Amino acid sequence: MISPFRFKFFFALLIVWGIQNAKAQQDSTRSKPGKDSIDYYDLNLEQLMKIKGHDLPTELESLINSLISVASKKPLSTRESPSIVTLVTAEEIKNSGARDLVDVLRLVPGIDFGVDVEGVVGIAIRGNWAHEGKVLLLIDGQEMNEMLYASTQFGNHYPIDQIKRIEIIRGPGSAIYGGYAEYGVINIITQSGADINGISVAGTYGAMKDGMARQNISIAAGKKINDFEFSIAGLVGQGNRSDQVYSDFTGRTFNMAGSSSLNPNNVNIGLSWKGLSFRGIYDSYQTSVGDGYDKIPPKPYSQDFNSMFAELKYVWQINKKITITPRVNYKRQQPWLTPQSDSVAAFNILAERISANLSLSYNITRNINLVTGVEVFHDASTELDTGHFVDGSKMVNYMNYSGFLQGLVKHRIVNVIFGARYDKNSQYGDALVPRVGLTKKINRTNFKLLYSQSFRSPAIENINQALTPQGIRPERTEVIELEGGYQLTRKSLFTINIYNISTLNPIVYYVVGLNTDAYVNFGHSGTRGIETEYRTRQRWGYITANYAFYTAQGSTEVPNYQVPGNSNQLLAFPSHKINFNASINLNKHFSINPSVLFRSASYGYVTNTNPDSAALGIPLLHKFEAQVFVNLFLNCNNIFVKGLSAGIGVYDIFDQQTLFIEPYNGPHAPLPGTSRELVVRLRYDLTKEKKE
Amino acid sequence: MSRKPKHIKNALLFTFLLLSGQGLFNRARAQDVDYKSYSLFVYNFIKYIEWPDSKSQGDFVLGVLGDSPVIRELEKLAATKKAKGRTIVIKRFSTAEEVTECHLLYVTAGKSGTIKALRDKIKNKPMLIVGEREGLARKGASLSFVTLEDDVLKFDINKSEIELHNLKIPGTLILLGLLI
């Protein structure tokens with residue numbers, strides 16, 4: 001007897017088979033008109049030199065086969081790159097109406113956000129809190145991570161209107177990028193002068209239920225004139241983290257509406273002439289802190305993150321096979337800059353890094369490439385207020401020397417990538433991180449098998465605040481990843497990957513007693529999990545849907561990260577995450593862009609406000625139920641005049657209210673994010689038509 | 001009776017339909033190799049390469065060893081174009097042993113392993129061996145196709161092998177290919 005399920009299954013199979021056969025027959029009748037003409041065989045020499053080996057790619061194929069170098073230095077397609085990679089395009093950012101980088105990155109499998117202290121929101125990847133030095137954020141090659149704690153700060157911060165593309169490695173990148181890329185790399189590439197080719201102005205206004213969320217304006221100008229190219233872009237704005245009420249562990253409350261400033265100021269200049277290029281970035285992220293480090297202060301105080309980056313690079317192509325690239329960088333930062341006030345003691349430490357890098361790329365044959373190089377940097381940090389470092393000095397200096405090597409062999413059967421980076425630091429010793437990757441794309445299928453070691457360099461304050469006299473050492477991580485990809489049709493792709501992350505002696509932040517914190521290498525941490533993604537790009541628009549799952553499987557020995565009674569999950573981050581993002585073209589001008597984020601239950605510590613409880617004021621473990629965030633954005637391109645686009649949408653339609661949970665058992669209660677937000681955007685690209 | 005809850009079954013069914021609808025069981029393809037481009041280059045090989053006088057009479061025999069979608073394109077080529085005024089005749093071979101004398105022998109990707117045997121068999125006869133798969137010019141073919149990273153189609157040229165077969169390749173064609 002056939003069960004109803006089997007019957008339904010076979011019936012479905014029959015329908016599908018019928019439809020597909022009909023489609024196949026239709027396809028077989030299609031022809032390529034241009035190429036069937038006799039003239040096609042009489043192309044001239046110049047035309048023959050441009051003949052392609054494959055049919056015209058679909059939009060999806062152009063995207064997934066585009067060359068990126070974030071994972072290998074040597075450009076490879078995303079499907080053959082030796083990392084698990086996500087590509088986000090300017091078009092996707094614009095269509096989605098993303099308010100800031102948090103909105104963009106949340107749609108990436110495995111990426112999430114939590115709160116650190118003093119209103120700062122940081123990043124997590126694959127269930128691991130990666131805020132301090134575990135995910136490297138690059139903007140046009142400049143390392144945004146601040147040097148005192150190696151953190152990055154999210155929320156109405158980085159300019160997203162100027163982004164051309166984001167390449168995200170959801171795995172280790174230390175073998176290329178060193179000590180801040182232990183768990184991942186976010187490589188943001190902004191529009192070049194040629195991309196802007198004129199002037200671009202964009203404005204965003206966002207209103208939450210009970211107050212302004214953001215009002216930002218971004219301006220960019222750029223052009224390419226023969227070999228010379230320039231771009232200058234700026235962002236200035238005001239914003240608020242939330243319009244909700246924050247409660248600290250003592251039960252004190254603070255209304256964040258209008259008082260949780262997140263004000264970005266950013267200038268980005270790029271100049272290039274032939275192989276010589278200069279990049280300068282100024283970034284000042286001005287925040288006001290009403291939540292405090294642990295207890296809510298009597299009055300909110302200001303806290304700024306000021307950075308300046310400069311890079312001079314020359315790409316010297318000696319011949320077709322050899323390219324030498326010398327590069328010098330200067331980075332100057334005053335992160336967590338806090339003036340003395342009644343609420344808080346001053347914090348004013350200057351951190352500077354000067355680095356020199358020389359790399360060589362040698363194409364031994366068409367299919368064998370070698371990249372090698374050396375890098376040296378000098379870190380200096382100076383206390384600019386009354387404070388001093390733990391050794392009593394006002395200034396500390398470290399030197400770091402490193403060498404790296406990468407070999408790439410492209411073979412018909414498999415591509416092999418191997419490499420290693422060695423770092424030796426005058427303060428915390430050395431680290432050697434090898435990696436090996438096997439990748440291959442065969443017609444519709446691709447696979448990647450990757451083994452990488454990576455490390456996290458202790459940052460200046462990690463060294464300064466070491467718990468033990470032995471000091472702090474780099475933490476070491478081993479990651480194994482396996483990815484399979486299958487192109488279901490020429491316009492859709494399905495990928496799935498599994499990973500195992502194992503970190504030995506992680507640098508853990510401890511709160512020791514009252515007002516004392518410290519860092520120590522402790523035990524073992526890590527996660528393993530699975531991530532899948534489905535992408536389709538059609539004439540009517542596109543859909544991206546993904547699912548991410550992680551488990552700690554009891555392997556995390558760090559009590560600060562653990563959820564008591566649940567060895568599979570870590571604090572703050574849900575085990576399951578599902579994202580759905582689509583863009584549907586209503587006509588030539590209008591598109592409707594829904595996105596949905598599902599987060600399964602998560603855990604964090606909350607305030608015990610029960611006055612009858614003996615534990616009043618002592619943080620309590622709390623289970624936060626699953627949440628679904630639904631966003632909708634309507635975009636209109638070339639409205640009234642060419643280049644003018646406008647959009648309106650609502651983020652968090654059902655007002656679930658984002659909550660950033662502290663991913664370690666620290667001093668901070670969950671921090672509210674935005675409530676339902678109405679977002680309006682306007683953009684005008686005044687572009688001069690390129691002459692053909 | 002199955003123990004799977006009903007909603008799981010329905011979810012499985014839905015997923016199956018979704019994936020099927022996207023072509024999992026279809027002859028859906030990746031970005032296709034453009035064999036028309038391959039045939040275009042073959043035509044240019046015929047056009048520019050010089051065979052000895054002893055081979056300049058009668059039909060131009062284009063041999064194909066193995067099976068490949070390129071055959072359809074080569075047949076179209078033979079039907080529409082001439083080889084320096086001569087009719088192009090396609091001759092198909094299933095195995096290296098079957099191969100008989102022809103002007104140009106196209107070795108399909110599936111028969112790449114026979115290159116060495118073919119080379120021994122053909123020796124210095126005036127035949128141009130064209131390999132469909134990358135790298136065959138290093139293993140004894142006269143020319144072999146290669147797709148570069150920017151998807152531009154090129155061909156490797158084994159000049160000494162060409163000369164060994166008493167053929168001449170002009171500078172025009174060398175400019176188009178990559179000497180190994």
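A:Arg421 is buried, with a relative accessible area of 3%; buried means under 20% relative accessible area, exposed over 50%, and partly exposed in between (1.4 Å probe, protein chains only). A:Asp423 is buried too, at 5%. The side chains of A:Arg421 and A:Asp423 form a salt bridge, with 2.7 Å from N to O. A salt bridge is a side-chain nitrogen of Lys or Arg within 4 Å of a carboxyl oxygen of Asp or Glu.

## Basis of the model

This is a predicted model, in which local features need pLDDT of at least 70 and side-chain atom pairs count only at pLDDT 80 or more, while totals for chains, interfaces and linings use all residues. Residues are numbered from 1 along each chain as its sequence is written, chains are lettered from A and ligands numbered from 1 in the order in which they are written, and side-chain values use heavy atoms, with hydrogens and water left out.

The predictor's confidence in each residue is given as pLDDT, from 0 to 100. Chain A has a mean pLDDT of 90, and 92% of its residues reach 70 or more. Over residues 15-33 of chain A, pLDDT stays under 50, and the model has 13 contacts there beyond four places in sequence; a contact means heavy atoms within 4.5 Å.

## Salt bridges within chain B and between chains

Over all chains, the whole structure has 41 salt bridges. One of them joins B:Asp156 to A:Arg366, at 2.7 Å from N to O. This pair crosses between chains: B:Asp156 lies in strand E7 (residues 153-157) of chain B, and A:Arg366 in the loop between strand E21 (349-365) and strand E22 (368-383) of chain A. Helices (H or I, at least four residues) and strands (E, at least two) are DSSP runs, numbered from the N terminus. B:Asp156 is buried at 3% relative accessibility, whereas A:Arg366 is partly exposed at 36%.

In chain B, B:Glu73 and B:Lys36 form a salt bridge whose closest N and O atoms are 3.3 Å apart. B:Glu73 belongs to helix H3 (residues 70-80) and B:Lys36 to helix H2 (residues 35-48), so the pair links distant parts of the chain, 37 residues apart. B:Glu73 is buried, at 8%, and B:Lys36 is buried at 4%.

## Cysteines

A search over all chains finds 0 disulfides, a disulfide being a pair of cysteine sulfur atoms within 2.5 Å. Among the cysteines, A:Cys636 is buried at 6% relative accessibility, and B:Cys102 is buried at 1%.
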